[in-house]
Amino acid sequence: MAVDPHPPRAAPEPRHFQLPDGATVSVRPLVPGDRDELVARYGELSSRSRRLRFVSAPVHLSDRLLDHLLDVDYVDRHALVATLVDEPGAPSVGIARYFRSAADPTHADAAVTVLDAHQGRGIGTVLLTSLVETAMENGIEAFTADILWDNAELLDALRSVGARVMPGEPGLATVRVDLPPVPDGLRGSPLHEVMRMASADTPA
Amino acid sequence: MSATSSAQHTPDPGLASETLAVGPALPTLDANAHVLAPLLSFAKEAPERPVFAVRDGAGYRDISSAEFARSVHRVAAGLIAAGVEPGDRVALMASTRLEWLLFDFAILAAGSVTVPIYDTSSTEQVQWIVSDSGAVLLVVENQTMRAAAESIRADMPGCREILVIDDDAAGGLERRGAEIDDETVGRIVAGLRADDPATVIYTSGTTGRPKGCVLSHRNLRTNVSQSGLAVGPALQPEESGMLFLPLAHVLTKGYVLFALERRMRCAFGTDVAHLAEEFPLAQPTVIAAVPRIFEKVYEGARQKAVAAGKGKIFDKAAEVAITWSQQRSAGKVAPVVGAKRWLFDKLVYGKIRAAFGGQLRFAFSGGGPLGERLTHFFAGIGLDVYEGYGLTETSPTLTINAPGAWKPGTVGRPVAGTSIRIADDGEILAKGPQVFSGYWHNDTATADVFDDGWFRTGDVGALDADGYLRITGRKKELIVTSAGKNVAPAPLEDRLRAGALVSQAVVIGEGRPFVSALITLDELAVERWCAERERAGTPISALADDPEIRAEIQQVVDAANASVSRAESIREFVVLPSDFTIESDELTPTLKVRRGIVEKSRASDIDAIYTR
């Protein structure tokens, strides 16, 4: 890994949200100690979800990939984990992250994944909402993502809020979503609406 | 994904000048039009004329239209005697030969539906296609295919019988149908309706199993009229044709129907490898081919020239041909280019035309993109290759270049009765009577490809102000080889990555003669593997060409290949000395593999595969 110009910040505090089905979800930043957790949860992900998340998805996360995924500073490289605090063992069921673009620091590459068994519960919405809030606080103005065209529901939802969806690499759409100009503008905004609609939680 | 890098490889759809192009008007087909009609009227009105020709010793033997139509009737009678009922599906797996068409037409004359299977298909694919289509009968070419099919018989419960062409399946059926009179067959044929299904052709999706495209008599017949209208009066009454590509491919099927309507004689090539010998014997004037055929003729001619010490002359001649055609397209040919072309015509071009038999006047190319340079090269040597565009789902032709309406580098304008629209995201949408009504028993897949009555091609393109379509990309994760074969890389890659030593796998082959794979090694697994062999400490970069590693990977490749046909299988692979990285842009920061970037950054490894 390259030397990081920004010293890592302390991990922000976890926040709690209630899902539409009544369950409580805690959203907390990813920490280096989550390594084994990432490996285990990836093992539970269906091949479809893996493909939608990684396009050409590895069978297991190698050390090199894990190093990259765990290298967060909560400013330029941020990741949030959702855990179901009411359930035994408080299992982690979803993750959302962004990486600030080196070419344009107002842009960040974003992704979200929820375990198959928990998709459709609104966990992705909660994760994305928190991720967008943090991103805006950190001066990010737009999220970008390469999304498989097969992920039609997500693309439709993104389009409906004015995301720019364009052909990219073979099989992939390149998507850009502008974040609201002020943090308070998020609630009730079209972007918030899509995060709610995209609560099918298929990986981005 | 940064905005800057996306701008480099993504055309701005805002620049596309047009979003809709509509073809000329098309007369409606009769409600009782069917695919057999052109053959039957040929046999009735010109019974002695040859309809097909088959290789016989040093030459070709003609088969008259009456003789062929008669066999079709008798085999159809046999199918009826074998219990095949109108609407039943019959699967047909054979190479390109007379019997393929004999069975295809006989299946239709029995009121049933042909389900073609490539002769290169894997046993897994045969099992899926036969069982999914519910075929009641499977006709195969030889005993090897029969043995493979017998091994999966239990998984094809609806299939009552397997017939073998080489064991006189046709003769056997004719005998079984001796009791069925011609009137019975005639009644069934007369009862065919344009909207009845004529064939179910399986195509690979990006994931999952192949899907059956249901094409009706109307779809196929209409598309023949559409191609005919586009070509216009340029074709003479007595053209001759040649068949050498798989008849399971809808492009070849459309070409046969076109030839029958034009009452052309079609000679059967015995193998693509024999074309150099058989083009001169058959002397076709009109062919339809995939880009690979044109590439092969070009490469063959060039190699011959190089071997004779005339490589430089050939290359110069090729440049002149290309320049001449480019200038002609632009409207004005410089006199000096014209003069050089005249000179090279005697020295070089005539020999290349001779490779096609010397009489070829029209060539149509489809199934995949024909390079713009190659198009100009052939135009420059006096052979206009008209490139078209379409999919199995569209019977196949949607757009076509034609005499007097030709722009190299584009796939032409919409054929009659066809509308092409460019969606906001650049996807090519199509509407027309050649567009199928849906996939066999798969409403979900059908709903996915239709949007408000428009068929979503999954390809990305742009229309120019004159209505010519240019293909610029693809939404679906599919590779189209220069042989016109659609290959879904994702399922192959999944199987490759199941290999213990494999980290990443990227299957490539777009516009290439065959499919290959780039493979990266999993560091941990390789370390363990080396330690077990007392080779600990070997750097990963040193293992790319290691014979032991290659043997391990070969096993993984073989396992992946078992799921697909030979045409889709991974013929070559490279073990890359390093894994994909974010720094090289091969992975997005969120670790998604970018195929296009990988193909560029690993270009030298890829070139090594295809120049071996």
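The contact between the two chains takes 40 residues from chain B and 40 residues from chain A, where contact means heavy atoms within 4.5 Å. This is a predicted model, in which local features need pLDDT of at least 70 and side-chain atom pairs count only at pLDDT 80 or more, while totals for chains, interfaces and linings use all residues. Residues are numbered from 1 along each chain as its sequence is written, chains are lettered from A in the order in which they are written, and side-chain values use heavy atoms, with hydrogens and water left out.

The size of an interface is often given as the accessible area lost when the parts come together. Chain B and chain A bury about 3400 Å² between them, 55% of it on carbon and sulfur atoms; this buried area is summed over both parts and uses a 1.4 Å probe.

Between chain B and chain A there are five salt bridges, each a side-chain nitrogen of Lys or Arg within 4 Å of a carboxyl oxygen of Asp or Glu. In a salt bridge, A:Asp146 and B:Arg594 meet through their side chains at 3.6 Å, N to O.

On the surface, B:Ile313, B:Trp342, B:Leu343 and B:Leu347 form a nonpolar patch with about 430 Å² of accessible area together. Three residues of the nonpolar patch, its largest share, come from helix H14 (residues 335–355) of chain B, whereas B:Ile313 lies in helix H13 (residues 311–330) of chain B; helices here are DSSP runs of H or I with at least four residues, numbered from the N terminus. Patch residues have over 30% relative accessible area and no salt bridge, with like charges joined within 9 Å and nonpolar side chains (Val, Leu, Ile, Met, Phe, Trp, Tyr) within 5 Å, and accessible areas come from the Shrake-Rupley method with a 1.4 Å probe, only the protein chains shown counting as cover for residues. B:Ile313 counts as partly exposed because its relative accessibility is 39%, a class that lies between buried (under 20%) and exposed (over 50%), with a 1.4 Å probe and protein chains only.

Methods
Helix = DSSP H or I, 4+ residues; strand = E, 2+ residues; numbered from the N terminus. Buried area = accessible area lost by both parts, 1.4 Å probe.
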